[in-house]
Amino acid sequence: MNPKLELARALLSTRLSWKHPIYLLHAVTARCNARCGFCAWNPEFYEGSGELDTAQIKQLYADARAAGFVGVSMWGGEPLLRPDIGELIAWAKRLGMMTQMVTNGALLEKKLDTALPHLDRLCISVDHPSSKHDTMRGVKGLYGKILSATLRIRARYPATKIIYNYTVQRSNADPQLIEEMAVVIKTLGVSGVFNPLRVDAATDAPISLGKYNPNDDAIAVAFRKVEELKRRGFPIVNSFTHLRKLQALPLHYRCHWPKLVLPIEANGDVVDCMHWGQRPIANVRDLPFSELLAHPRLRALGGREGEACHQCVSVHRVDVSEVWEGRLGPAMSWGRAVL
């Protein structure tokens, strides 16, 4: 079956009769070659260990596919640090799953023909329309590497959709910088997502992002500019719903993200998204996948308890929840840009 058609059918079926999530969000490693001060996976805040090996990940993906999962997003850490990343992407595609990878882009050119042949979507973090991005991410020459890799990917793997993810911080929230980034995105023929820098969930971790995080007024100004750019025809994935909500913080919505997405850490822990990284639900090494999907905590997150939470401000959480509520604007926005 065509993956896009299968995704649409799975979403409709899940909406009519929810049983469990249908999409894996898998941190294939906690290791990273960047040093982003704001990142919750910075070693200052988080230390992952004991990541799943190749065979264990392949079994996880096979079990997920057998349960009806339609796709997997591989991230980290930096997924390209895994020597087997190409093998894992190819395996997921062979199973019939949609494949996505989130990367900082530093190793893209070196691993172009390893990772890209079986990848449907590639998300690259780009936080500044200049080499200042290198300083923000702690990798020398990173911005140039991303631009060069993007051009090569578009030439050699034109079917792979590329999305630049711009994390709005104090240092890049200026509307002029945002417009310059949108011009870069449009010029390169890719799509763009703009996300606020916030702690995504009610984690117990002692994370303080005050030195990086804009205040609500600055976020409102920034996302007013993003909305304007989207209306002007720039290829911005954020829905108008998400953009408007960020101009009137705090957010208010019913979260349905846990109904559709199952997050798994590098060590196999299944994440309780209301206590990310602190209170795992179970570990895929210890519990058969079918039993995991029936876990009471997973059911609670997919029910009223999860729906009562609205702390996450990322476009993915908000737009997925809006679509679940029957508002199709976000689905149309994402569909035009990345499917």
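How many salt bridges does the structure hold? The structure holds 21 salt bridges, a salt bridge being a side-chain nitrogen of Lys or Arg within 4 Å of a carboxyl oxygen of Asp or Glu. Side chains of opposite charge can pair when their charged atoms come close.

This is a predicted model, in which local features need pLDDT of at least 70 and side-chain atom pairs count only at pLDDT 80 or more, while totals for chains, interfaces and linings use all residues. Residues are numbered from 1 along each chain as its sequence is written, and side-chain values use heavy atoms, with hydrogens and water left out.

**Selected salt bridges**

| Pair | Closest N to O separation |
|---|---|
| Glu 51 and Arg 31 | 2.9 Å |
| Glu 109 and Arg 152 | 3.3 Å |

Glu 51 forms a salt bridge with Arg 31. Both residues lie in the loop between β1 (23–27) and α2 (54–66), so this pair ties together parts that are 20 residues apart in sequence. Helices (H or I, at least four residues) and strands (E, at least two) are DSSP runs, numbered from the N terminus. Glu 51 is partly exposed at 27% relative accessibility, and Arg 31 is partly exposed at 40%. Here, buried means under 20% relative accessible area, exposed over 50%, and partly exposed in between (1.4 Å probe, protein chains only).

A salt bridge also joins Glu 109 to Arg 152. Glu 109 belongs to the loop between β3 (98–103) and α4 (112–115) and Arg 152 to helix α6 (residues 142–156), so the pair ties together parts that are 43 residues apart in sequence. Glu 109 is partly exposed, with a relative accessible area of 30%; Arg 152 is likewise partly exposed, at 30%.

Arg 231 and Glu 227 both lie in helix α8 (residues 216–231), four residues apart, about one turn of the helix. Arg 231 is exposed, at 51% relative accessible area, whereas Glu 227 is buried, at 11%.

A network of salt bridges links Arg 254, Lys 259, Glu 307, Glu 322, Glu 325 and Arg 327.

**Surroundings of Met 74**

Met 74 is placed in strand β2 (residues 71–75) and is buried, with 0% relative accessibility. Met 74 and Val 28 are 46 residues apart in sequence, yet their C-alpha atoms are 6.1 Å apart in space. Not counting residues up to four places away in sequence, Met 74 touches several residues, among them Val 28, Tyr 61, Ile 85, Leu 88 and Met 101; contact means heavy atoms within 4.5 Å.
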